[in-house]
Amino acid sequence: MFHGTQPGWLEVISGVMFSGKSEEMIRRVRRAVIAKKNVQVFKSHVDDRYGGVYTVSSHDGTIVEAEPVQSSLEIMERVRPDTEVVAVDEAQFLDMGIVTVANALAARGVRVILAGTDSDFRAERFGAMPELMAAAEIVDKLHAICVVCGGPASRNQRLVNGRPAPYDSPQIMVGGRESYEARCRHCHQVPRKDEAQGALL
Ligand code: ADP
Ligand code: ZN
């Protein structure tokens, strides 16, 4: 367990879609609010299609609204001087500057919580998540349930018309959660172009 003697550190909540990253982030934010900390929540704007801005409320009625952001710079500009906890959801969609921003906030005493999926539909690095995991004091990697075999899911399976998306499709695709399934390493499929065409024949 990490016990900081001085305020300011990074926590990363990684994992595939449906692994409960947002639930875990909301839990930590709610507890920080109960502890009467000044909290700001950000959510990368790209993710609007997944249901828009959410709010985190505590039992005593305090409500924290997630602020949509486009860039890491926007986070730096929007963090207020008295903010003690900064939470960022869907951090994989942000630019690489998020690493500098997160470290700078931690250096000035802010507890920074970053949630995001660390691998894309090809099971390759997603945005700055690997760097954030390297910079963080605390890393949790959550798993969903593989929809094929019921094992722990560590991969995002993208589907196009019900079939596995080929390797060369774009990393970020307008669609939404319905285009993805949680799968384990063994059930995850990323066909190369010729394989994908073969599958369609
Ligand atoms: P994330 O932020 O990691 O995408 P969420 O916190 O938004 O995850 O959602 C987690 C919730 O998704 C779970 O509590 C569960 O109710 C639901 N869920 C849907 N499909 C799955 C799955 N295949 N494995 C685990 N949870 C799932
Ligand atoms: Zn599986």
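Predicted model: local features only at pLDDT ≥ 70, side-chain atom pairs only at ≥ 80, totals over all residues.

Reader: Why does Cys-187 count as buried?

Author: The relative accessibility of Cys-187 is 17%. Buried means under 20%, so Cys-187 counts as buried.

Reader: How many disulfides does the structure hold?

Author: The structure holds zero disulfides. To count as one, a pair of cysteine sulfur atoms must lie within 2.5 Å. In general, a disulfide is a covalent bond between the sulfur atoms of two cysteines.

Reader: Why is Arg-155 called buried?

Author: Arg-155 has 16% relative accessibility, and the limit for buried is under 20%; Arg-155 therefore counts as buried. Arg-155 belongs to strand β10, which covers residues 155–160. Between Arg-155 and Glu-124 there are 31 residues in sequence, while their C-alpha atoms are 9.7 Å apart in space.

Reader: What span should α1 have at 1.5 Å a residue?

Author: The expected span is 1.5 Å times one less than the number of residues. With 14 residues, α1 should therefore span 20 Å, and its end C-alpha atoms are 20 Å apart, which agrees.

Reader: Which residues of α1 are buried?

Author: The buried residues in α1 are Lys-21, Glu-24, Met-25, Ile-26, Arg-28, Val-29, Ala-32 and Val-33. As a general point, an α-helix has 3.6 residues a turn, so residues three or four places apart point the same way. Just after α1, Lys-36 adopts a positive phi of about 65 degrees.

Reader: What makes the approach of Ile-145 to ligand 1 a polar contact?

Author: A polar backbone atom of Ile-145 is 2.9 Å from a nitrogen atom of ligand 1. The cut-off for a pair of N or O atoms is 3.5 Å, and the value of 2.9 Å for Ile-145 is within it. Gly-20 also has a polar backbone atom 3.0 Å from an oxygen atom of ligand 1. For Ser-19, a backbone N or O atom is 3.2 Å from an oxygen atom of the ligand. Taken alone, ligand 1 exposes 580 Å², of which the protein buries 66%.

Reader: Which elements give two or more residues to the shell around ligand 1?

Author: They are α1 (21–34) and β8 (144–145). The most comes from α1, with three residues. Of the 13 residues around ligand 1, those that come nearest are Phe-18, Lys-21, Ser-22, Glu-23 and Ile-145. By type, the shell divides into seven nonpolar, three polar and three charged residues.

Notes:
Residues numbered from 1 in each chain as written. Chains lettered and ligands numbered in written order. Heavy atoms only, no water. Near = heavy atom within 4 Å. Polar contact = N/O pair within 3.5 Å; in protein donor to acceptor, adjacent residues only side chain to side chain. Areas by Shrake-Rupley, 256 points an atom, 1.4 Å probe, with all protein chains shown as cover. Helix = DSSP H or I, 4+ residues; strand = E, 2+ residues; numbered from the N terminus. Nonpolar A, V, L, I, M, F, W, Y, C, P; charged D, E, K, R; others polar. Buried < 20%, exposed > 50% of the residue type's maximum accessible area, 1.4 Å probe, protein only.
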